[in-house]
Each structure stands twice: as C-alpha cells, then as structure tokens.
Number of protein chains: 6
Amino acid sequence: MFHHSSKLQFPVRVEKPDPEFAMLLQQAIGGVEGEIRVAMQYFFQAMGARGDARIKDLLISTATEELAHIEMLGHAVALNLEGAPVSYQEASAKDPVVNAILGGMNPRHVLSSGLSAMPVNANGVPFDMSHIYASGNIAADMLANVTAEATGRVLATRLYNMTEDKGMKEFLSFLIARDTMHQQQWLAVIEDMGGLSASLPIPNSFPQSEEAQEHSYYCLNTSLDKPLPQGRWCQGPAFDGVGEFTAKEQPDILGEEPNLGYARPGSGAQSEQMGGSVPPTLKSEP
Amino acid sequence: MFHHSSKLQFPVRVEKPDPEFAMLLQQAIGGVEGEIRVAMQYFFQAMGARGDARIKDLLISTATEELAHIEMLGHAVALNLEGAPVSYQEASAKDPVVNAILGGMNPRHVLSSGLSAMPVNANGVPFDMSHIYASGNIAADMLANVTAEATGRVLATRLYNMTEDKGMKEFLSFLIARDTMHQQQWLAVIEDMGGLSASLPIPNSFPQSEEAQEHSYYCLNTSLDKPLPQGRWCQGPAFDGVGEFTAKEQPDILGEEPNLGYARPGSGAQSEQMGGSVPPTLKSEP
Amino acid sequence: MFHHSSKLQFPVRVEKPDPEFAMLLQQAIGGVEGEIRVAMQYFFQAMGARGDARIKDLLISTATEELAHIEMLGHAVALNLEGAPVSYQEASAKDPVVNAILGGMNPRHVLSSGLSAMPVNANGVPFDMSHIYASGNIAADMLANVTAEATGRVLATRLYNMTEDKGMKEFLSFLIARDTMHQQQWLAVIEDMGGLSASLPIPNSFPQSEEAQEHSYYCLNTSLDKPLPQGRWCQGPAFDGVGEFTAKEQPDILGEEPNLGYARPGSGAQSEQMGGSVPPTLKSEP
Amino acid sequence: MFHHSSKLQFPVRVEKPDPEFAMLLQQAIGGVEGEIRVAMQYFFQAMGARGDARIKDLLISTATEELAHIEMLGHAVALNLEGAPVSYQEASAKDPVVNAILGGMNPRHVLSSGLSAMPVNANGVPFDMSHIYASGNIAADMLANVTAEATGRVLATRLYNMTEDKGMKEFLSFLIARDTMHQQQWLAVIEDMGGLSASLPIPNSFPQSEEAQEHSYYCLNTSLDKPLPQGRWCQGPAFDGVGEFTAKEQPDILGEEPNLGYARPGSGAQSEQMGGSVPPTLKSEP
Amino acid sequence: MFHHSSKLQFPVRVEKPDPEFAMLLQQAIGGVEGEIRVAMQYFFQAMGARGDARIKDLLISTATEELAHIEMLGHAVALNLEGAPVSYQEASAKDPVVNAILGGMNPRHVLSSGLSAMPVNANGVPFDMSHIYASGNIAADMLANVTAEATGRVLATRLYNMTEDKGMKEFLSFLIARDTMHQQQWLAVIEDMGGLSASLPIPNSFPQSEEAQEHSYYCLNTSLDKPLPQGRWCQGPAFDGVGEFTAKEQPDILGEEPNLGYARPGSGAQSEQMGGSVPPTLKSEP
Amino acid sequence: MFHHSSKLQFPVRVEKPDPEFAMLLQQAIGGVEGEIRVAMQYFFQAMGARGDARIKDLLISTATEELAHIEMLGHAVALNLEGAPVSYQEASAKDPVVNAILGGMNPRHVLSSGLSAMPVNANGVPFDMSHIYASGNIAADMLANVTAEATGRVLATRLYNMTEDKGMKEFLSFLIARDTMHQQQWLAVIEDMGGLSASLPIPNSFPQSEEAQEHSYYCLNTSLDKPLPQGRWCQGPAFDGVGEFTAKEQPDILGEEPNLGYARPGSGAQSEQMGGSVPPTLKSEP
C-alpha cells in the first residue's frame, strides 16, 4: 500500500523562471533517462521479484523514493513556467527582434498543460512503458537499474550545467547525489549475491553445457581492413570464472546461403514468385 | 562502409516448421531484448564514440555481427512459417476441434508479411528506436550493452526451452554462446578503463564537490512498517572508492508543501482557479 | 513525499491460476482504462493544480490509492501465471490436441517477464503516457477523470464476468466498488465548484462574447437523407445557463473552396506543381 | 456513405502568414485535444452503437462535421506556411541576429510536408489512434466526448490568445462556438437517457449487489499528515441515488504482504532466485 | 465540407459470425495496409495539394470513398462479433478441450470495445498517423498511394482466402475491385502529368546538375562473394530519359575513417573520453 | 553475413558546424523518409523474398549500401554538433538578445546523446519499425521502395537547400544521386518482371474472376457539387491490360443502413442499450 505526505523530499526553488529550462527538465520526468522510468521499473520488478525477499523490499522502497522525485520535478517544471507567455502580446513583447515568439519553450506547455509538467521528454514525446525493464531475472534487472541510474545521472549533470539558477542547481545536486547512491546500490545487490563472477553469464541457471561453448569466449572481428583492437576483451580470463577470452580475427562462416524457394499459391505473392509468369488469361478468368 | 557475403554466420535449420514458434522468435528480432536493438545500439554508440578509438572499433565490429544475427533470425522465422495456413480450408483442417483456426500464430504473418519475418516482437508490436541507448558516456553505454546482452541471453534461453526442434536448439545454442561473450566483452571495456571503481559514479567527469554529497551514500527506507533490508547496499565502502554506504531508516523531509497559487488570466483555466467565481455576466458579455 | 507499507490494500487470492486470465488482467494495468493511467493522471493533475488547494489534495490522495491498485493487480497477474508453461514439454502436455501450445496466454509473460506483470495491455501493447490528461483546467480534468473511472469500471465488470475464480471475483468486486466511488468523487468536485451550469462552457474563463455565438447552440445535421434525431440536444435550455439548443437541419456553408495555388521553387514539389512542365534541359543542366 | 462538397464550412483567412502559428495549430489537428480525435472517436462510437438509434445518428452526424473541421484546419496550417523559408538564404535573411534560422516553426513543415499540414501535434508527434475511446457503453462514451470537447475548447481558446491575426481569430471563434455546443450536446444525451442519476454508476447494468458495496461510497485519505479536504465528495448523497458519501481518514489495510516464493527451474531467473546458490559445476557441466 | 448518407456503399452481410475473423478484419481498418490509412493519406494530400486543381479534387473525392470503406469494415467487425463470449461460462462452453477460452479472438473486442470495431490492426496495435504520407510532391505522393493500394489489395485477397463466409467474400470482392481501380487511378495521374519519364527523378524540379551525377546511374554491388545479379537494373537507359544504367561491382570507398576526437568538458562523458584518466582527487574535490 | 570496412563510402566534411542543421539532418536518419527505413526495409524484404533469387540479392546488396548511408549521416550530425553549447554560459553567450538559448537545435542532442546522432527524426520522434514495408509480394514491395526513394530524394534536396555549407552540399549531392539511381532501380525490377501491365493489379496471382469486376475500373465521384475532374483516370485502357477506365459521377449506394440492435447482457453496456431502462432496484439488488 502507498501513502503520501504533503511536503517535498527536498526544497524546490526557482529564482528566475525559465520556460526553456522547463522544457529541458521534462527529460528528467518523461525521458528514458528519467524518473517515471525508474519509479515504474523498480515497482514492476518488485511485483515480480521471486527469491530473496530483501531485494523485493529494496526495490519497492526505492520505487517509492523515485515517485517523490517525479513529484519534485513536476513542481520544478511548473515553477519555471511561471511567467511564460499565454498570449501573443506577452510572447511578442519578450523578443521584439525574433519571430520565434515562444523562444524555445515547448509550445504544449501553453497549449496542452496550461503551464504544468507533462509526462513527456524534452522533445515532447510521451514516455512509453516499453522502457520498463523487468525480466524476472534479478541480475539482469539489477544491471538495467544501474544503467538507468547511470544515464539518469549523466542527464542530471547536463541539466545542472545548462542552468545558472541557484535553486535549480541545488535541487539537481540533490538528484545527482541520489543517483550516485542508486547506481551503486544495485551493484551492491549483485555483490550481495556473490558478485559478478557468480552471476555471469546471465541467466546463470541455464546449463552452459547446452550452449555452443566453442563460440562463448571469442571476441569476433568483422572488419575487413582493421585488426581487432587489443584490450581486455580479447585476452585474459572471462569474468564468469569459466572461459578465457580469445580473439577471432574473422568470422567462420558456418551457414549456407538462405533460399526460401517459391511462394505458395494463395499467399498473396505475385505469380512470378510462384514459379511462373502470369498468363494473360489468369487475370480475367478463373 | 558495410559489406555482405551470401552465407549465414551459422546454420539455420528447422526440422518441423512451427508457426507459433515463429511468433515467439519474433521477440529475438523486434523485442527490446532482441537483435535489432543491439545492432542499432552498438552502431549509434560507435558513431558517437569520442575518446579511445579502440572502443569505437569494437562497437562497430560487434554491431556488424549483430546484423548477421538479425539475418539468421529472419530466416528462422520464415522457415518456421513454411506450411502455415494461408486459407480457411488449410487452417480449419488443422484443428477441427477448435475455433482458433490460426492456432496461436501471429495473424500478421499471413496477412501482412506473407509468411516472412517482421520487425516486431512476439506481440506484434513494432520495435521502436527509442530503445537505442547511446548517451555519449562510454561507461553508461557499456552498462546498457551488458544489460541488453543479459536480457538477450535470458530471452534466448527461454526460447531454447520452448522448442524441441533440434535445428532450432542448435541455432539458439549459438546465439546463447555469443551472448555469453558479449555480456562480458562490454564489462571488459569497463575493466580496461580502470574498472568500476574508476568509472563510478557515472559520469566520473562531474566534480563530486558540486553534488549534495551528504545524500550520496545512504540507502533510504521509505517503508512505514518494515526496516530496510540488511545487505551490502547499506554498509561497507561504496564502489566508487569515495563514500561509505549507510542506512537511513526514514526520509528527512526537507522541502515544503508545494503551492502554485492561482492560475493566470488567459491561461485556459477555469475562473475558479483564478481566484474568483464566475459572474454570470462574464460568460455572455466581455 | 511518498511512503509504502508492506501489505496490500485488499486481499488478492487466486484459487486456480489461469495464464489467459493473467493476459486479460493486463488491460486493467496497462490499458487506457487501467490503473497506471489513473494513478499518473491524478498525479500530474495534482502537480499542476492551481487554485483551490482542496482539489490538489484530493487528487494526490487518490493518485496514491491508485498506485496501490496497480500493486494489487501486478500481484494478481503473477499469481495467475503460477504454473504457466516455461518449456515445450510443459506447454504441449497441456493441450495434446491443439497446436496452440500457449493456449491464449501472452507469450511475453514467458519470454520477457518470466511470469510477472508488465506495463502493457491485453494485447501486449505498452501503456503510453500521452493518455495522461492534465490540461491545467480543473473542470476539463474532472471530466477526464470521470471518464477514466467510467471506462475503468466497465472494464472491471467485464473482467469480473470473464472469470469464475472466487478470489479474483472478490478482488474485482473491490475494484468495481472503488470505481463507483471515484466516478462520483470527481463529479462531486464539479458540484462543489458550483455545478455544471457554472462550469460550462469549459473553460468558463474565456469571454463568450469573443466566440461566434451564432454558432454556439445549434445541433448540426450533416446527413443527406435523414433528419436530425429528436432529443434533448436540439431543444431546451443549454446547460451553461446561457443559450437555447436549436436544430439546424443542414450546414450553412460559409467558406470558399480552398486553393493553395502553385508550389514555390525550392520547395521540393514537382515542376508541374510550380506552373510549368519540366523542360528536358532542366533535368540535366542548371 | 460519405460525401463531400467543395467549399469549407467556415471562411479560413490568414492576414499575415506565421509559420510558428502553423506549428501551434497542428495541436488542433493531431493533438489529443484535436479534431482527428473527435472525428474518429464519434465515427467508431457510431459504428459500435447498440440500442437507441438516435444516438448513433447523432454520432455519425457530428463525426462528419468534425471531418470538416480537420479540413479547415489543414487549410489554415498551409496558409500560415505561405512564405516560410525553404532555403538557407531565405531563412537566414529573416533573423540576422539569431542562429535559429527556422524561428520556432516545425522543421518538418519544410522537410516532410512541403509547407502543408501533417497529422501531428504541436511537438510533431503523430496522432495515435489509441486515443479513440469507444467502449461500447454509451454513457462512458458520452463522458469521453464531453471531455474531448472540453479539452478541445480549452485548446482553441489558448490558440485564440496566441495569435493577433484577425482571420485566424474569426476562424477560431467559430471552432470555439462549435465546441460550446458539442460539450453540451453529449451531456444532453445523458440527460435524455434519464440524467446522471440514472446512468451512474457506469455501467449501470452491472448488479451492484455483486460489488463490494462497503467500499463503494467512501472517499479515502492516503495522506499521512493532512486530513481529507472537506467538500461535497465526502458528504451528502451519492449521485447515483443509491449511496451516501463518507470520509475514511485512513485506509483499512485488508490484504497480506505479497510473496511469490521461488522462481521455477527453466524460467530464466538466476539460480539464487530458485532457492540455491549456483554450484560452480553447474555453469560448465549439465 | 463533408456529408453523410445513412446507407452503406455496399452490402455487408455475415452468415456465420466469427470473432477470430473480426480480429483479422481489423488489419483492413487499422493496419498500415488499411482504410484509415488511405482515407487520411488522400485527405492530407488534398489539403496540401498545390498546382493542378484536378488532382486535389480527385484526392478528396477518393478520400471520401475510403471513409465509406472504413464504415463498412467497422460494421463487418461488429457483425462478426455477434455471439462472441462475454462471460467465462459462454467462453468455456465453446471449447471444453482447450484452455484458450477466447479461441484466438482479440480479447479487447470484449474488454475494451464491447464487441465493436477498434482503430487497431490484427495484433491490436493502434494505427499511428506517421503512416500518412503527404510530402507536398505530387509524384512522390502518387507512388505512395499506388503502394498503399497494392498492399491494401494484397491484404484484402489474403482476408478473402481466410474466410468461407459468403457474405464476407462478396464484401471483400468489392473492396478488392476498388483497390484494382485505385492502384491504377494514381498511376493514371502520373501518366496524365507526362508519365514516369517526365516525373523522374522525383523531385524533378531539383536541377540535376547539382547532384553528383557520376553516382546517379550505377547499380552498386556490396557483396563480397557474388557478382551483381544481371537484369534491367544494371543496363539499358534509365527511366528518367537522362542516364544509362551501369553496374559497379564494388564500392569506391571515397571517404576517410571518421574520428570525433575527444569529448568536451561539461558534456557528460567519462573523463577517459576527454583525454585523461580520472585523478582520484577529481571525484571528491572540484 | 555482414562485414565492415573502416572508411566512409563518401567524404563527410562540415566547414562550419551548425547544431540546428544537425537537427534537420536527423530527418534523413530517423525520419520515415530516411536511411534506417530503407536499410531495414530492403533487409526484411530480402529475408522474405521468394521466387527469383536475383531480386533477393539486389535487395540485400542495396540494404548494405543504405547501412553505409546511415553511417555517413550519423557522422555528419556529430560534426555539426561540434561546438554546440553544453553549458548555460556557452549557450547564452551565443545569443545575448534571445531567450532561446539553444537556438533551434534539438535539446536532446545535448541532454541525451552528448552531441551525437540519435535514431530520431527532426522532431525528435524515434523511428518506429512499423514503417518497414515487406509484404511478401515483390511488386508491392518494389513500389514501396520507389516511394521510399522518392520521398528520400525530396527530403535530401530540401536539406540541400537548407544549408550553405559546402561540405554538406557535396555530401548531400551524393545522397541525392544515389536516390536517383535507387528510385529507378526498383522500377527496373518491375520492368524486368514484365512491366506494370504484367504486374497489375497487385497481387496478380489472385483470380480476377473472384473480384466484383463491375466495380474494378470506374473512377468514383463522391462530390456533391463538382463533376469528376477529367483526366487519364476516367478514360482509356487500364494499365493492367484488362479493363477500361470509366467515370461514375455518383456512388451507387448498394447497402443498407446498418443496425446492430440491442447490446447483450453482460457486455458492459448501459441497461438502456439492452432495451430497457434501469429499474432503481437493479442497481442495489441482484
């Protein structure tokens, strides 16, 4: 069950409203690097978590915190939209030189939301829930979570750089700090389960004897004119504690040239694809 | 520049065509865990890679291999659709007892593609390119890649379990093996760059002095009735070599209750939101 | 700020797991009539609410309850997936007669989520956040909310009819009851603001003198062969307390035939669209 | 059957073309508040209307009018794009000071449509038909229609405010007027069917005895630190003529803590989720 | 302006309702090969048509006919859903042997539309308006229209083959006939404008002297192990009356290896990408 | 199998980076007229090609070239983003007069990709794979390909016109040239198969005796106030060598008015739709 208390987790102040920055902030709400994504991802992972109950608890607890982050960001967007133009007169007064009367803000912040946040990204594209990764495999999910927090923190630092508003900088420095924690929190779950070595290859429950192990540890070069770049990926022990990385400088081509043959009658193809040209009579008589 | 050779990377044989399995295989083509995703993700990451040129080369080389995986899967789908019904007579002959004449296959494999693969997932939902994660931050991108390969291998093992066709099992065991490598290959890039400790927090180029570090290393409990689960995430050194994990059993609520005040005239809100009720005259006279 | 407690708002029991019913239940999670939609809609409306603070509080309070509904439904889906087949052997054992080995369940409940809920509808289409209606106009938003609860209750009763599982029926009867309340709760907000008469036309803050009032109260017939159906919509006082409904049996056509003239050079149109045919020389010489 | 006549329903004149306003107008074509939405929504509702034939006729008649509104808006967009730059020289001539050569217009109005309307919103996001609400329940559908017209009129008044072009203002004042009517027209259908009291709860055909009526009429507070706001929603008779609103200041938590137990072998989870750690041998031997 | 008359363009009769066929028919409504697509595509092309007014008139006239096709298909879907199960009892009575109680029908035809048509395809994916091709170039648009009618007729013949219902076959034979006409109608527009030779290359208004004509007429082989297949595409005069097709057996590689260099400070990349490793001090001090 | 070589197919040089032009170029990558579309479309058509193996080879060969076009465009975008602002200071320094600090560029080129290309169009909308047309009918597919190349070349000429950068103009003149070839290459396949006459109507394998041929060759006027425009489309022989075009000045209306009757109990409709009004008792008693 969820509950709410009325104050925000951290102060959200805007010294000088900036409708263009409101548009940028939307990426942290409705972008794939944003807070709806992590809130919902942790929520769905929690609802499907099997095994160690601690992880489920950690997921739902953090999902709840992320909901509070959406709440702060939604407010931050609205505060930055204070003073945004809602009429031609206001808009054109701002920039007499330019014909871009809205000055880079998202026009739907006027037209559709009436100066409020929307669940869209900085291009106005709505968030879509296919980005909620919850695979039922806890190690894969933890990696998806680290990734989400990594791209989330990259985004937050870019937003931090794109404003000079002191209130916004403080608020973003809080979000950046929480992302610092959350990146490592999900890595800690993997360590708690025995570390990467025990977890790899994901899923570790599939018997590796059934995979084609002769293809499991070489780094493949598909370049025609450059050798494989040298690095850890083509030498040394694999991280799963089983294999040894090697380099294969060009693919073994083991398959045949595919050939689907003719199309079947009734399949909607052209007659030519069925192995014959079209006799003129076919077209007008049965 | 790309080039093509006519044979498949690995043999793709189907002993007994199964249109329902063709539908399942689509997840490995057009699902978020699938091959279009990794091919395009590595391709876009390569095109934006700045810094160490080896990583760029590795990305484009692997992108190219993933294109070959799409090619094999596309063929595997078509082969499984051999014999799928294209007429009511064929369809109803198969299952006289049931009214589900298509027997669980994707109807668009008949209606839209004429017994061929489509860039859709197992629900027929087309792949959308918002899933191509290429952030410009190499560590974040590597984690996204490990995640993609982890969910990809989870998917491939599930597909392996859902067929008894020997040809398909061999083919999938090859894909599983390559996913084993690719998961670790991208982790190897991180190790090559100094390991997780040097990379975290991502981005490591943002001066941590500007983040609100007092919030950077506690694991937050938002539960009202359970303590934070004990584990590596709330104790011990953080993985970035800087902080120390601690547990905070309940949020400090530092912000205020948000209040946006009244709506502005001309913003399309109701009059009541502007601080007044609507005088009857307003509605019919200016 | 949000908080969580560990127990579900209402008991969720499944007597006999049914993977096909799990697929149906997804509509109540990720469908446009579902709980993600209302939770997020009320949340975004609350974050943008200007004016009467009571409405904002009611919105966030109900958003929080809807999050708890997602939580129950996610659990209900997972429980119905207990026992769903994860291998060909299990799957084909169930229905020896049929070739539809998955028997109508969503294949991605095996392939992508590992027997857990996903934020998708009953067709596997992910929820997309463009369905979050939060216009900044409180009356429009309340109507959107009544609509969401109306379609939500219609859906819940259809799900109730499609199961015979006693646990699921009890759970759905709870959701149906809450929808009964929520439909009327949002209507109560409109009544509290003075009722429909005071609220209409929405937005009531736009001076009606600026609208073309001669077109504001007739019901228009565009049929060529039937008169306008008789009913309240073409007679009697309008509900906004201003106009009187009338019937207009055929449209006054007041405009002209549109004509955009020729295309401009450099606009990428065909030469013919620019008022000339293409001289042969144009194509090969500048 | 549909028919067309060559003149527009209302004059569409543009005194001074404004490519940025063309972009804004797109919201009224391809936005969720726009005319494609209502045209298609009424059309699909009509095609599925069961029961009183008058409502079906009213729906198709109004759908037809809305098609004519798309037609006018499409023309309005094209007229506002007259004179938009199609070359770098034209574009940069306009705003020598600024580097935003397109001045806030939608670049795809040059690149993709050649100075014509597109079925997209003001952010360039294409309309998607999941927004066509047609539930088969006439009361739910009428509420969806009132909502669409309410948000539609809010949008139209915002557009009206964002232009000073006299031709555009007249045209928009016509659309605003029709929205005034259409909002109330769909409410009139509900009144014609006996009013809200007879219609609620929607669907009114589900026997309320089967819903958990003890949960049907309380307004639930989920806030930890504020009481439920006082208002019509927590007292007085419900609008369905059955219940009486009450306030419940905190949720009864009736369910248990969910627990899905261990993952099943073969389900693609990690071994740890299946109740055991991975023995090193499992990974390399069957 | 649009108008409506009450009868359907062609009789729509269903002898034996078939809910699974209703699902298949949806592809002709909301699929990319379907009628919403052509109706809207011709409508938007008409609204943007510049130049010869006859083409604009032909477009709007045919758009109107396509609206009537949607109308018939919507009815056909609803008639096929007569008798579809709306309760578990009805559903399970049908197929006592199978657990797929809905027997291959779209579950949302029960849950979301109440036995009516929806604007979705045969997988339940909603139509999205990005498929409306209206480029502002009349020749490109005509080709898009021929394509739409070609895939439309392919679809209609596949549907024809998938039913044995006499009413549905007659109805589909009508749609197939109209597609026969419409394919050729749009080709006739190209012939009327001077034929393909005059139209190519599209757009024919761009001076070919500005294109890199040495690359304009060779067919390029990118295969490493097969020669270019012989055919009309690599020999003989080009269809634009300008060039002559030739074969180029392998690409001239004219460009350099791309190299973006280092990432910029402040861009959110890793320090390593900026040309340095991360000094430990950077992370905790500014 | 695919392979890669390290140099670009054609030189990509940018004389003066222009972040706004980077945004425009995105249309050629991720727009429906762009290179991802053609690369993937030819790839999927190749994987499903049945019949003449030459066409399959031509498809995969050209798909491979299109991948190289994506590669060049991705680089072109990144080069145009060199120097784009990544901080408020840089951004506001550029345009002291304006408040649009990003000057028309795509903000996600800073926030999400770190100054690199993304698989999105010029509005930032991600490419979605539903645009990959691969019908299994070779003639329909060739027309789809000609269309794609026609809109692709229209787009490329518009981009050419929107820049004055000499490097970009040279690069675009190369793409324009290749589009000139590719348009005609796919037409050459149709000619090779016997020309349009042999191919039409598509699919030519459906016996025309089963279509309602009395409706196959008339051009239908649906206008109430204008005659059908005169042109090749309403007179002369049809292009399939079978019919003769005629004009039908108004539709024969052959169908009946549709009537779905009452809704069924249990279907979630209102009681009124089921043929009765709601007795007050129904609502509270079973």
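A: Helices here are DSSP runs of H or I with at least four residues, strands are runs of E with at least two, and each kind is numbered from the N terminus. The model is predicted. Chain A is the part to follow.

Start with its layout. Chain A has 9 helices and 3 strands. Along the sequence, the order is β-α-α-α-α-α-α-α-α-β-β-α. The chain is more spread out than a compact globule, because its radius of gyration is 27 Å, well over the 19 Å that the globule rule gives for 286 residues. Its C-alpha atoms fill a box of roughly 70 × 70 × 50 Å along the principal axes.

Now look at the packing. In chain A, 72% of the 286 residues count as buried. Take the contacts in chain A with a separation of 6 or more: 68% of them join residues 24 or more positions apart.

One spot in the backbone deserves a stop. The peptide bond between L200(A) and P201(A) is cis. Its omega is near -15°. Where does P201(A) lie? P201(A) is in the loop between helix 8 (195-199) and strand 2 of chain A. Chain B can be checked at these positions too. There, a cis peptide bond joins L200(B) and P201(B), with omega about -15°. P201(B) lies in the loop between helix 8 (195-199) and strand 2 (218-220) of chain B.

Strand 2 of chain A leads on to the contact with chain B. This contact takes 94 residues from chain A and 94 residues from chain B. On the chain A side, the elements that give two or more residues are helix 3 (53-81), helix 6 (138-161), helix 7 (166-192) and strand 2 (218-220). Helix 7 of chain A gives the most, with 15 residues. By class, this side of chain A has 47 nonpolar, 31 polar and 16 charged residues.

How do the copies fit on each other?

Chain E comes next. A rotation of 180° with 0.0 Å of shift along its axis superposes chain A on chain E, with RMSD 0.0 Å. The two copies are thus related as by a two-fold rotation axis. In chain A, the C-alpha nearest the axis belongs to L224(A), at 5.2 Å. Here too, 100% of the interface residues of chain A are interface residues in chain E, so the copies meet through the same surface.

A last stop is in other chains. L115(B) is not a glycine, yet its phi is positive, near 70°. L115(B) sits in the loop between helix 5 (108-111) and helix 6 (138-161) of chain B. Is L115(B) buried or exposed? L115(B) counts as buried, because it has 27 C-beta neighbours inside 10 Å and the cut-off is 20 or more. Chain F has its own L115. L115(F) has a positive phi of about 70°, although it is not a glycine. L115(F) is in the loop between helix 5 (108-111) and helix 6 (138-161) of chain F. With 27 C-beta neighbours inside 10 Å, L115(F) is counted as buried.

Conventions: Residues are numbered from 1 along each chain as its sequence is written. Chains are lettered from A and ligands numbered from 1 in the order in which they are written. This is a predicted model: local features need pLDDT of at least 70, side-chain atom pairs count only at pLDDT 80 or more; totals for chains, interfaces and linings use all residues. Two residues are in contact if their C-beta atoms, placed from the backbone, lie within 7 Å. Ala, Val, Leu, Ile, Met, Phe, Trp, Tyr, Cys and Pro count as nonpolar, Asp, Glu, Lys and Arg as charged, and the others, Gly among them, as polar. Copies are superposed by least squares on the C-alpha atoms of residues with pLDDT of at least 70 in both. The radius of gyration is taken over C-alpha atoms; the globule rule is 2.2 Å times the number of residues to the power 0.38. A residue is buried if 20 or more other C-beta atoms lie within 10 Å of its own, exposed if 12 or fewer, and partly exposed in between; C-beta atoms are placed from the backbone.
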